[in-house]
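Subject: Structure handover

Hello,

Here is the structure we spoke about. My notes on the ligand site and on one residue follow below.

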Amino acid sequence: MTRTRVGIVGAGPAGLMLSHLLSLNGIDSVVVDHRSRREIENTVRAGILEADSARLLVDSGVSDRVLHDGHPHEGIDLRFGGESHRVDFRALVGEPVWLYPQTDVFVDLANARERDHGDVRFGVSDTSVDVTGPAIRFVDADGHRQEVRCDLLVGADGSRSICRAEVPEALRRHSSREYPFAWFGIITEAPRSAPELVYAHSPRGFALISQRTETHQRMYFQCSPDADPARWSDDRIWEELQARVAGPDGFVLKEGPITEKTVLRFRSFVAEPLRHGSLLLAGDAAHTVPPTGAKGLNLALADVRVLSELVERALLKKDSDALDGYGPRALDRVWKAQHFSYWMTTMLHALPGASAFDVQRQLGELRSVVGSEAGSRFLAEGYTGSWGQSRGSRPR
Ligand SMILES: Cc1cc2nc3c(=O)[nH]c(=O)nc-3n(C[C@H](O)[C@H](O)[C@H](O)COP(=O)(O)OP(=O)(O)OC[C@H]3O[C@@H](n4cnc5c(N)ncnc54)[C@H](O)[C@@H]3O)c2cc1C
């Protein structure tokens, strides 16, 4: 049996960052995760950090590696009608986003926890939580039963959260939106095809030309949710991707061997309330967004920034009402990000059964976004997560 102040289920970005921020204020925590460190390190997921997320890593002392190994992206290309239109984040909101893989964020956070002697238990099994205790019970990596008793319990256990289920059904409000498409994702060993990310609308459906490193690139194209990667040869994938970005400007993707193929299903989801007694939910355990807006990882970090501040007030300053503020403060950002991700998704994807009117309306919407400063600024604010901060221009 271990006694700690905050028990955290999930050593993803939300769980590890929370544990790190709490430790800066001298608050002990124990983090448990049923995956091994190596498994998490090798799971390719997000790649875009808002400037505030990058600053949080640096300023809180996790690591400044993002500044050396990450790449600032000052905009994106919106591509439709076979032409690219740049949305310039620097000019519109004074902030870039950073290309820095989630795997690197995880490595930085896990190293920082190790450096600071944080208690993180990877590779556990049979996790269960007791919200009245409160406590986390599990079998550790060596097969021993363990119990962590705590003052507060945080569910940072991702989109299939077991903690979320502890909020009584009568009190839960789950809001969700399913989409009739998925993303076919590949990693290819090839140089970059464009300096920044390309979001392409085409009659064949959406494509995203993303990046990972100098030598490996991430690309996605809209597919049916039941697409089977085994049925897609490399030639067929390249043909589809090239067709979705083709245009009179002659833009062509740089091809290479495909080293990974996956089908990524997604939905929009918010679980409310974020707090039930001593249980608090953060990150994907509380909400998920379609990947189109690159918000998921950023929201996870934004949640725990708020939560760490309120936990400190509750536990150190004995402010018993402090945690009541968590839901309202976190959800304000969550719902803005939900709207942005939904908007980007529905603006760029081919909707099954769409009429000629629907397609022309989408193109009209895209032209409005790139053709007016107000439209481009709306996109730039959402993408960089600088909602409400860009009146005038932010300092460079
Ligand atoms: C392909 C893909 C691309 C994405 N691209 C972007 C992007 O560009 N930008 C962006 O911001 N977001 C992106 N996201 C979303 C982002 O990856 C997630 O939002 C982010 O990982 C959320 O962090 P988290 O800590 O809340 O949850 P997770 O990272 O899911 O971590 C939860 C942890 O809890 C552990 N866990 C779960 N259940 C238990 C249990 N019962 N017991 C113990 N441990 C448990 C899991 O092993 C996991 O390590 C993408 C996601 C995917 C899948």
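The ligand is surrounded by 32 residues, the closest being Asp33, Arg35, Gln102, Asp284 and Leu297; a residue counts here if one of its heavy atoms lies within 4 Å of the ligand. This is a predicted model, in which local features need pLDDT of at least 70 and side-chain atom pairs pLDDT 80 or more, while totals for chains, interfaces and linings use all residues. Residues are numbered from 1 along each chain as its sequence is written, and side-chain values use heavy atoms, without hydrogens and water.

Polar contacts are pairs of N or O atoms within 3.5 Å. An N or O atom in the side chain of Gln102 is 2.6 Å from an oxygen atom of the ligand. For a polar backbone atom of Ala14, the distance to a ligand oxygen is 2.9 Å. On its own the ligand has 1,000 Å² of accessible area, and the protein covers 89% of that (Shrake-Rupley method, 1.4 Å probe).

By class, the shell holds 15 nonpolar, ten polar and seven charged residues; Ala, Val, Leu, Ile, Met, Phe, Trp, Tyr, Cys and Pro count as nonpolar, Asp, Glu, Lys and Arg as charged, and the others, Gly among them, as polar.

Separately, Ile186 counts as buried because its relative accessibility is 1%, buried being under 20% with a 1.4 Å probe and protein chains only.

Regards

Methods:
Buried means under 20% relative accessible area, exposed over 50%, partly exposed in between (1.4 Å probe, protein chains only). A polar contact is a pair of N or O atoms within 3.5 Å; within protein, one must be able to donate a hydrogen and the other to accept it, and residues adjacent in sequence count only if both atoms are side-chain atoms.
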